[in-house]
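Please read it with the structure open.

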Amino acid sequence: MMSRFHAKPEAQGQGMTSQRARDRLVERLRSEGGIRDERVLQALRSLPRHLFIDEALGSRAYEDTALPIGNAQTISQPWVVARMTEALIEHGLPKKVLEVGTGSGYQAAVLATLGIEVYTVERIDELLRVARRRFRNMGLNLRTKHDDGRMGWPEHAPYDAIIVTAAGAALDPALLAQLGEGGTLVAPVGGPSAQILLRLRKTVEGVVQDDLGKVVFVPLVSGIL
Ligand code: SAH
């Protein structure tokens, strides 16, 4: 047992602790959060969320809560990430997904862990640089872009799915236009005090909309920083 105290914390002690903490979080998401998709639960179990936040907040990484990541932004609450991912893949695993709002990179990494080809856009350069470094360190291969993502990333359209992780007053039609036939879009829509999570599916009969409930997201902002 002595060796345990001599080992580098991230190499042994904390590594084991965080796996246990992750397992506990995942069990809570299943039992209390109603998350049923095993693919999603497994992705959250395997991905170290503590590596997507500042070390000083590391001990809170496996609480089911949003946490600050700097620049007045937050890493989304694990339940929200799980629910959005579940809604996005429910009707079949998409091959190619666009994310608007990279932030910490956690949601994008969850999608990449599922074997999805991820294109992610972030308007704050400082956040994107850190997220890119995380992807590299974890051996995750994602396509990133520093831009205002409200109108998507048209060069790589159509996407099988689109996920927006910041709340706008309305969905830009340009975004929906980049969704392929049969594709799914999940986005929070509304003002700062009241937002709902919407899922839109492009079917042969037209666009089908589901209301997935109330959520709280940081606002979708125009321009780059
Ligand atoms: N998916 C992120 C959530 C971060 S919060 C995660 O898992 O951590 C939402 C992010 O959306 C913030 O980083 C914010 O800067 C970004 N954002 C807001 N408006 C945007 C826009 N118009 N284009 C691209 N990113 C935007």
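This is a predicted model: local features need pLDDT of at least 70, side-chain atom pairs count only at pLDDT 80 or more; totals for chains, interfaces and linings use all residues.

The points below cover the ligand site, the strands and the nonpolar core.

1. Who surrounds the ligand? The shell around the ligand has 27 residues. Ser104, Glu122, Asp148, Gly149 and Val221 come nearest. By type, the shell divides into 11 nonpolar, 10 polar and 6 charged residues.

2. Ser104 places a polar side-chain atom 2.6 Å from an oxygen atom of the ligand. Ser104 is also among the residues that come nearest to the ligand. Glu99 has a polar side-chain atom 3.0 Å from a ligand nitrogen atom. For Thr165, a polar side-chain atom lies 3.1 Å from a nitrogen atom of the ligand.

3. Cover. How much of the ligand's accessible area does the protein cover? On its own, the ligand has 580 Å² of accessible area, and the protein covers 99% of that.

4. Elements at the site. Strand S2 (73-75), strand S3 (96-100), helix H5 (106-113) and strand S4 (117-122) are the elements that give two or more residues to the shell around the ligand. S2 gives the most, with 3 residues.

5. Strand S7. Is strand S7 mostly covered or mostly open? S7 spans residues 179-190 and is mostly covered, with 10 of its 12 residues buried. On one pairing, strand S6 (residues 159-164) runs parallel to S7, joined by 4 bridges. Within that pairing, Ala161 has Thr184 in S7 as its bridge partner.

6. The hairpin. S7 also pairs with strand S8 (residues 195-203), this time in the antiparallel sense, over 7 bridges. Val189 stands opposite Ile196 in S8. S7 and S8 form a hairpin, with 4 residues between them.

7. The nonpolar core. The largest nonpolar core holds 48 residues. Which of them touch the most other members? They are Leu44, Leu88, Tyr106 and Phe135. Helix H2 (13-31), helix H3 (38-46), strand S1 (67-70), helix H4 (78-89), H5, helix H6 (125-137), S6 and strand S9 (206-215) each supply at least two residues of this core. H4 gives the most, with 7 residues. In soluble globular proteins, nonpolar side chains tend to be buried together.

Definitions and conventions: Residues are numbered from 1 along each chain as its sequence is written. Side-chain values use heavy atoms; hydrogens and water are left out. Buried means under 20% relative accessible area, exposed over 50%, partly exposed in between (1.4 Å probe, protein chains only). Two strands pair if DSSP finds at least two bridges between them. A residue is near a molecule or strand if one of its heavy atoms lies within 4 Å of it. A polar contact is a pair of N or O atoms within 3.5 Å; within protein, one must be able to donate a hydrogen and the other to accept it, and residues adjacent in sequence count only if both atoms are side-chain atoms. Accessible areas come from the Shrake-Rupley method with a 1.4 Å probe; for residues, only the protein chains shown count as cover. Ala, Val, Leu, Ile, Met, Phe, Trp, Tyr, Cys and Pro count as nonpolar, Asp, Glu, Lys and Arg as charged, and the others, Gly among them, as polar. A nonpolar core is a set of buried Ala, Val, Leu, Ile, Met, Phe, Trp, Tyr and Cys residues joined through side-chain atoms within 4.5 Å.
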